[in-house]
Amino acid sequence: MSQLPLDGVRVIDFCWVGAGSYMTKLLADMGADVVKIESTKSLDSLRLAAPFKDGIRGVNRSGYFADRNSSKRSITVNMKDPRGVEMVHALIADADVVANNFRPGTMEKLGVGYETLKDINPGIVYIGMSMSGDEGPDRMSLGYGITMAAMTGFMGLSGYPDQDPTGTGTNYPDHVPNPCHGAFAVMAALRHKWRTGEGQKIDMAQTEPMLALTPIALMDYQANGRLSQRQGNRALAHAPRGVYPTSGDDRWIAISVASDDQWLALVDVLEGPQLRRPEWRSMPARTEDADEIDALIATLTSPLDGYQLMAALQHCGVAAGVVQNAADLVDRDPQMKLREHWRYLPHAEMGESLYNGAPFQFASGATGPRFAAPLLGEHTSQVLSEQLGKSGEEIDELTAAGVLV
Amino acid sequence: MPQALDGIRVLELSGLCGAYTGKLFADLGAAVTLVEPPSGSPMRNKPPFVGDVAGPENSLPFAYFAANKNGIVLDLETDAGREALADLAAEAHLVILSDHPAAASVDLDELRLANPRLVCTRITPYGSEGPYATYSGDDLTLMAMGGLLTMAGFPGQAPVVAYGEQGLLAGDQFAAVASLAAVIRAERTGEGEMIDVSIQEAIVMALENAAQTYQLEGKVRNRTAGTRRAGTGIFQAKDGDIYLLAGGIGDTAMWGNFAQWMVAEGVQGAELFAADDWDDQDPKARDLFERVFLPFAAGKTKTELYKAAREWRVPMAPMSTAPDLLQDRQLQFRNFFVTAPAGNAAAGILFPGAPYKLAGTPWTLRCAAPRFDGADHQTSQFKESAS
């Protein structure tokens with residue numbers, strides 16, 4: 001099997017909670033050796049975020065933490081003790097990447113700011129992922145994915161026009177935009193380092209990838225003076241486009257019609273004479289009468305099985321998809337099964353537990369999680385003996401002295 | 001200044017998805033060539049248009065997503081077109097293939113055989129093989145099948161999809177991550193790669209803790225808008241809305257910060273939040289919270305609340321609109337928005353710039369999206385950068 005793409009890359013990871021840890025997970029799953037710097041004195045709060053194995057709270061039992069920290073090693077170090085900082089410096093001297101998602105200034109307070117580290121290791125690629133960036137009047141903002149969704153205008157544009165915005169119901173920027181942009185920037189900087197020997201600092205404000213992914217409202221406002229409004233499930237140049245009830249409790253199907261031919265196919269599959277109005281054969285008329293059409297479609301879909309309807313519509317070239325939930329995806333979705341998306345990895349406290357695999361497949365071999373998330377401090381001895389040559393005795397002493405905790 | 005991806009040559013065979021993958025490469029210095037069919041890239045027909053007038057140089061999405069790229073028109077339904085593609089691919093590092101109108105005529109395996117260092121990345125709704133491989137999908141239907149849609153909206157109503165086709169863009173982003181990982185490996189080892197990206201699966205990556213909540217606790221996450229705990233949600237300020245997450249996520253001290261802020265502001269009834277028996281998850285807490293907080297918030301602007309929340313370390317943000325963002329002092333300080341270059345109808349307006357600042361190899365906007373009238377459609381540009 002081919003080597004993993006980031007085989008040999010060493011990452012010292014100060015990230016915690018959401019987006020940062022997800023970013024370094026992407027690197028770790030692709031082969032980088034990611035050492036997570038933790039402390040029992042100042043926990044990554046995601047370790048105490050639900051869900052927990054058997055519903056029992058504990059620092060090594062969170063499924064949320066586990067999925068964000070696959071393929072990583074964890075060491076506990078007290079960064080308030082100079083001996084702790086010294087050891088971390090020694091690890092960084094030999095590393096390729098240092099990552100954090102603290103507010104600006106925190107890394108400097110811990111003794112691991114970029115200016116210090118570049119003297120120790122000029123080739124280091126250093127990424128900071130604060131909410132609003134390293135400089136500027138609002139640099140000290142703090143936030144979670146969901147407040148960033150609000151700040152960037154993304155939440156305000158998501159939902160039905162006549163109701164409060166709904167967003168995604170999740171901390172969306174934490175899960176795709178920021179991890180992916182952070183990982184892309186780190187790999188680009190690694191390439192530059194391999195070509196020139198030069199490291200560099202990357203400043204990624206977590207609001208900015210989300211803004212880069214939602215340019216059109218801003219552009220439309222300037223070009224056409226239009227203030228974008230929430231559109232529900234509708235979209236320009238599509239009609240009908242909506243989510244309709246099917247048989248079963250709270251079951252729905254999404255249907256999207258992008259052409260007049262697809263409309264005729266939809267009408268045939270739904271066998272609804274009330275939809276066969278000649279004027280509705282044209283997109284503009286369907287757009288005009290979207291409310292009426294949506295109501296008629298809902299009447300026709302509600303007694304039908306969603307999966308059968310999806311298959312029938314797809315057979316005729318109409319985009320349709322059942323609104324699937326976690327149970328559908330984990331237990332039943334045949335495409336997820338075929339692509340082996342879900343991985344069950346053994347974990348000392350959680351047993352066989354569930355991880356996301358990568359959403360991309362390499363023909364040369366597997367990528368995706370290599371091993372389960374670490375217990376808190378699981379690899380302290382291993383990393384310090386392997387990398388820094390510390391003996392078991394020294395490690396015990398440093399632990400007793402409150403340095404490796 | 002050098003750019004991090006200088007010298008990387010990318011062929012982008014995109015349609016309505018795949019363009020952001022190419023953009024991430026182009027903006028860091030790769031030479032990205034958009035291969036358009038004789039009818040033009042489908043994204044040229046994507047609204048909204050400048051002045052609401054359709055036209056190949058008028059699409060706002062195209063102006064943004066194709067900036068920094070060169071263009072070439074090839075009829076991949078013909079032998080000559082495919083030969084031209086093969087010539088280009090022989091010198092390329094990466095081929096991105098998504099919903100290009102002639103995607104079925106492109107044989108990526110053949111391109112890889114001729115150039116073993118080549119990375120080929122195929123983006124499809126469900127992946128290239130399997131029971132759903134032939135299914136079509138747009139953002140809405142893929143957000144449904146990928147499991148994010150079920151969590152968005154109000155209980156008891158049809159779920160409602162997020163703004164801006166984020167599902168399709170999730171596929172593009174993971175495609176970029178996988179592609180760059182493979183390209184930098186190819187540069188080190190000489191070994192290329194064939195990558196198969198499923199947009200559905202990219203969306204599954206966004207399910208937060210839903211899959212683990214199901215596996216570990218047997219609970220299926222669903223829509224919760226409007227039913228959240230006290231101190232969480234959208235609230236009205238004097239000049240618009242704000243979003244507050246007073247409790248934070250996981251085991252944090254956020255409520256304490258919020259309570260201190262309210263007490264310091266002299267908000268009537270705020271001592272309630274600082275009391276030992278305050279439980280933000282108690283069903284009655286939401287009403288109590290709103291009675292105290294709403295009158296206070298209604299008297300302050302979004303900006304005033306955002307500033308105070310920052311000082312008190314409370315997670316809160318304004319619900320920004322487009323004009324708010326264009327005037328945002330932090331984004332202005334960072335020169336986040338950049339001016340669309342001359343070359344199409346969007347010239348002169350601002351659009352998002354660097355999503356990250358690489359100090360040594362900065363993100364750079366070099367040129368506008370390629371024109372369709374032929375000015376930029378020259379094979380020679382690509383060949384020059386290849387030599």
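**Sheet, domains and chain contacts in the predicted model**

Helix 12 (residues 302–311) of chain B lies across strand 7, strand 8 and strand 9 of chain B, and runs at about 155° to strand 9 of chain B. Helices here (H or I, at least four residues) and strands (E, at least two) are DSSP runs numbered from the N terminus; axes are lines fitted to C-alpha atoms, for helices over the stretch in contact, with angles from 0 to 180 degrees between N-to-C directions. This is a predicted model, in which local features need pLDDT of at least 70 and side-chain atom pairs count only at pLDDT 80 or more, while totals for chains, interfaces and linings use all residues. Residues are numbered from 1 along each chain as its sequence is written, and chains are lettered from A and ligands numbered from 1 in the order in which they are written.

As for the sheet itself, it is an open one of 3 strands in chain B, ordered 7-8-9 with antiparallel pairing (two strands pair if DSSP finds at least two bridges between them). Strand 7 (232–237) and strand 9 (316–318) of chain B sit at the edges, each pairing on one side only. On average, neighbouring strands of this sheet are turned by 25° against each other, direction ignored. Strand 7 of chain B is joined to strand 8 (residues 240–245) of chain B by 6 bridges, and B:Gly233 has B:Leu244 in strand 8 as its bridge partner. Helix 11 (residues 285–298) of chain B also packs on the sheet, touching strand 7 and strand 8 of chain B, with its direction at about 40° to that of strand 7. Contact means that C-beta atoms, placed from the backbone, lie within 7 Å.

Chain B splits into domain 1 (9–206 + 332–386) and domain 2 (232–321), with bounds from an automatic or database domain assignment. Taken over C-alpha atoms, the centres of these two domains of chain B are 41 Å apart.

Turning to the chain pair, 125 residues of chain B are in contact with 130 residues of chain A. Helix 6 (residues 166–189) of chain B gives the most to chain B's side, with 15 residues. That side divides into 78 nonpolar, 29 polar and 18 charged residues (Ala, Val, Leu, Ile, Met, Phe, Trp, Tyr, Cys and Pro count as nonpolar, Asp, Glu, Lys and Arg as charged, and the others, Gly among them, as polar). Strand 6 (residues 200–203) of chain A and strand 12 (residues 357–358) of chain B pair antiparallel over 2 bridges, and A:Asp203 has B:Lys357 as its bridge partner.

Technical notes. Contact = placed C-beta atoms within 7 Å.
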